[in-house]
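Take a moment to turn the model around on your screen. We'll walk through it piece by piece, starting with a sheet and ending with a pair of helices.

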Amino acid sequence: MTLDARTTAGAARSEDSLAVSENPETRISFWRVMVERYAILLGFLVICAILAILCPSFLSVANILNVLRQVSITGIMAVGATFVILTGGIDLSVGSVLALAGILAAGMQVVHQAGVFISVLVPLVVTGALGIVVGLVITKCRVAPFIVTLGVMSVARGATLVYSNGYPISGLTREFRFIGGGLIGQIPIPVIIYALVAIAGSIVLSQTRFGRHVYAIGGNQEAARLSGVLVEKTKVIVYGISSLTAGLAGVILASRLNSGEPVAGIGQELDVIASVVIGGTSLMGGEGGVFGTVVGSLLIGVLNNGLNLLNVSSFYQQIVKGLIIVAAVIFDQLRRRR
Amino acid sequence: MGESGAFLVMKNISKTFPGVKALDGVTFEVQKGEVHALVGENGAGKSTLIKILSGAYRPDGGEILLRGQRVEINTPGQAQQLGISVIYQELDLIPHMTIPENIFVGREPARALGLVDWREMGKKAQALMASVGMNLPLNIPVRKLSAAQQQMVAIARALSLNADIIVMDEPTASLTQNEIQILFRVIEKLKASGVTIIYISHRLEEIFQIADRVTVLRDGKYIGTWPVGEVGVDHIIRCMVGRDLKEKYPRERVPRGEEILRVEGLTHEPYFRDVSFSLHAGEILGIAGLVGAGRSEIMRSIVGADEKDSGEVYLFGKKVDIKSPHDAIRLGIGLLPEERKLQGLILQLDVRSNISLPILDRLSRWGFIRRLLEYRAVVDIIDRLGIKTPSPEQKVKNLSGGNQQKVVFAKWFLRGCRVFIFDEPTRGIDVGAKLEIYKLMNELVRDGVGIIVISSDLPEVLGISDRLLVMHHGRIAGELRHEEATQEKVLNLAFGGVA
């Protein structure tokens, strides 16, 4: 074969592979992406199917709405936590922030006799601002998110106890209780709020510049910075979002319980992080999304509910939940290795 | 072909990745005790072949014969047991550990109760380092060693594993001229003691200096093997690219325009001090100097990636205050960083997101990305730069090195800056891709852009620059025009002499 002939053959080959790449190869990767992305969903559906067979009441409309309502509080927090974890950070303070928001909302209602609007606004402003402070400490003072949010977890819990003297604040107005307890049609309002938060979170992450910056920072902070991403600003906003969703969840919870509970949400940060991780978002950052988180939250909720319906002791439920978290991460590792 | 006599034979090796046939029936033979160079453009299949030899990948077809025996290499551990050691371009040393710890990591000599026998370990390490001609303090972390010294540690480790085949992947990419000579002496020594070396490099001059035979791969196919004495560089290049390369450095003269960028008295201790220079439209300004002379650091300070102690930056005669790369990009200064994997790319994101990252502000309205606009821009630049990727949705980590570098370029070409700073733009990429990059630079200066190029490849900076600044120990040691610059003058300045 002469050199020329080889050259043309080579050129033809490379053109070929380019032309081909437009079609079948993208399709292969498309299917692979589908399988990878929706494996969690598949697992979720399998669990639902098993529960439905074992326990026919599982699929009743009343039970499904019940599960959704139970999931909504953790689910809303998990949407915010997804942002943080995508940047490679962590927010341990969300359980305490939830309690702080709840007690503030109840305080506004009972102590200050405030209307619904103020009772919702004040906790949201306070928790949002708290998140921004957390973000500023993390970025400006360069303290690890784990440490800062661990500190804030304690600070927010303490503030809650100080504000309430350690007692629940009960006796909220009917209008305010509508937020957590009301229905639109048959659907509980917390579920509607959850859906709206999840959709908004998903759109922000996938469609906006800010969302792309979140992924870029989690993937490679230095490369993102050199590409002109304002890393610090983005991170501050991200912690603000996480704290704000925890605050929102706290307001809903107080409304539903007709009481601000100073001990609400203890240990809940772990359920929140578990939802995100089971949903396939990498703790290293840069990969994952809100869709997975929603499925992760639902999976935990369905498991709890199903095991309840099957009269399995809640002690066993803890074991099952723990195993599923570890299994999800193992699966994630295997997927990554390919 | 004397198959019986060959020490190592990789026979009819094939390997397919999604979308790419990386190796297509390649046969590769190595004789005992030779230095065998393996060359080819990026994506030719060299890395894949080596990864199969080292057990990192499993071939789809073919077999490996070692000393005439068929062997299975399914894990890096098996490769080590067979005496095959690979020294990768990105050295896999543990930066905060010492030389002995690195050499014996996972195989520390133990005393009773499993305690590490530090003295024994130190002694062995010293002997190994001596065998590669290095006498270094053993108790300092390897990150404090120079690139060349770190390389020697990696070689010492390979020797401690009783390797009789050592594969070196681009060993000179981050070495200075002097360090390269040290490495070559070590290679000669290893060869004399019967070690077989497979040497991968893009620097063909080196191959002619050090190798006995050379094998060329192209597009995943075996092209040929020759003793280096029997062929010329031209022949090898022709085989690699499949065509003639007329010119190595196609430099175009463009009339020098107005001053774009001026730097005055820039200082950042201890990296560099009192640095002043200017850059004009249509000019390529080369920055030469030894590794560690402060070249990259100056550029990082200019774009706000690092701080500065003092000094001013002027853009079109106006003083500018650049606090972050974000500011620099807004002002039209783009830095293409030195380490593409660490600084240039987000490996687990797709090609599209990587390319569009610096221009998202232009591609979005009300903060929302206009996906169609983004897609068009990205597909267009992929096409223009000839980036080989199955689709814009492919993750960048799945591309070959040269194509990754092109993705970094694509980012900044789309951004369209008035000043481009290229830090080691052609490191680790092949002849053909280099040429394309030079042509792109020419295109840019024709449009009135100013370019600063940092390069450790001396012929390259000499070939492409209109003007050359030589750095020595954090200062500008001298300035040379294209016409007067020679390798000798540059080296003289770089080592602290006068031109």
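Which strands of chain B does helix α18 (residues 487–494) lie across? Helix α18 of chain B lies across β13, β21 (467–472) and β22 of chain B, and it runs at about 35° to β21(B). Angles here go from 0 to 180 degrees between N-to-C directions, with axes being lines fitted to C-alpha atoms, for helices over the stretch in contact. Helices (H or I, at least four residues) and strands (E, at least two) are DSSP runs, numbered from the N terminus.

Some ground rules before going on. This is a predicted model, in which local features need pLDDT of at least 70 and side-chain atom pairs count only at pLDDT 80 or more, while totals for chains, interfaces and linings use all residues. Residues are numbered from 1 along each chain as its sequence is written, chains are lettered from A and ligands numbered from 1 in the order in which they are written, and side-chain values use heavy atoms, with hydrogens and water left out.

Back to the sheet. In chain B, six strands make an open sheet with mixed pairing, in the order β16-β19-β20-β13-β21-β22. Two strands pair if DSSP finds at least two bridges between them. At the edges sit β16 (333–336) and β22 (475–481) of chain B, each pairing on one side only. Ignoring direction, neighbouring strands of this sheet are turned by 20° against each other on average. Helix α15(B) packs on the sheet too, touching β16 and β19 (419–423) of chain B, and its direction makes about 180° with that of β16(B). Contact means heavy atoms within 4.5 Å. Within the sheet, β13 (residues 284–289) and β20 (residues 450–454) of chain B pair in the parallel sense over four bridges, and G286(B) stands opposite V453(B) in β20(B).

Elsewhere in chain B, have a look at strand β11 (residues 259–268). Seven of its ten residues are buried, where buried means under 20% relative accessible area, exposed over 50%, and partly exposed in between (1.4 Å probe, protein chains only). Strand β11(B) runs antiparallel to β12 (residues 272–280) of chain B, joined by six bridges, and the two form a hairpin with three residues between them. V263(B) faces its opposite number F277(B) in β12(B). Strand β11(B) also pairs in the antiparallel sense with β14 (residues 310–315) of chain B, over five bridges; there R262(B) stands opposite Y314(B).

Helix α1 (residues 46–53) of chain B is largely enclosed by the rest of the structure, because six of its eight residues are buried. Those are K46(B), T48(B), L49(B), I50(B), I52(B) and L53(B). Just after α1(B) comes G55(B), with a positive phi of about 85°.

Now for the charges. Over all chains there are 32 salt bridges, each one a side-chain nitrogen of Lys or Arg within 4 Å of a carboxyl oxygen of Asp or Glu. One of them joins E232(A) to K140(A), with the closest N and O atoms 2.8 Å apart. E232(A) lies in α10 (residues 231–257) and K140(A) in α4 (residues 116–140) of chain A, so the pair ties together parts that are 92 residues apart in sequence. E232(A) is partly exposed at 31% relative accessible area, and K140(A) is exposed at 55%.

In chain B, the side chains of R415(B) and D361(B) meet in a salt bridge (3.1 Å, N to O). R415(B) is in helix α15 (residues 401–415) and D361(B) in helix α13 (residues 360–363) of chain B, so this pair ties together parts 54 residues apart in sequence. R415(B) is buried, with a relative accessible area of 7%, whereas D361(B) is partly exposed at 25%.

Last stop, chain A. Helix α2 (residues 61–86) packs against helix α12 (residues 290–309) of chain A at an angle of about 140°, their axes 8 Å apart. The two are therefore oblique to each other: angles under 35 degrees count as roughly parallel, over 145 as roughly antiparallel, 65 to 115 as roughly perpendicular and the rest as oblique. Among the residues that meet are V67(A), V71(A) and G75(A) in α2(A), and S297(A), G301(A) and N305(A) in α12(A).
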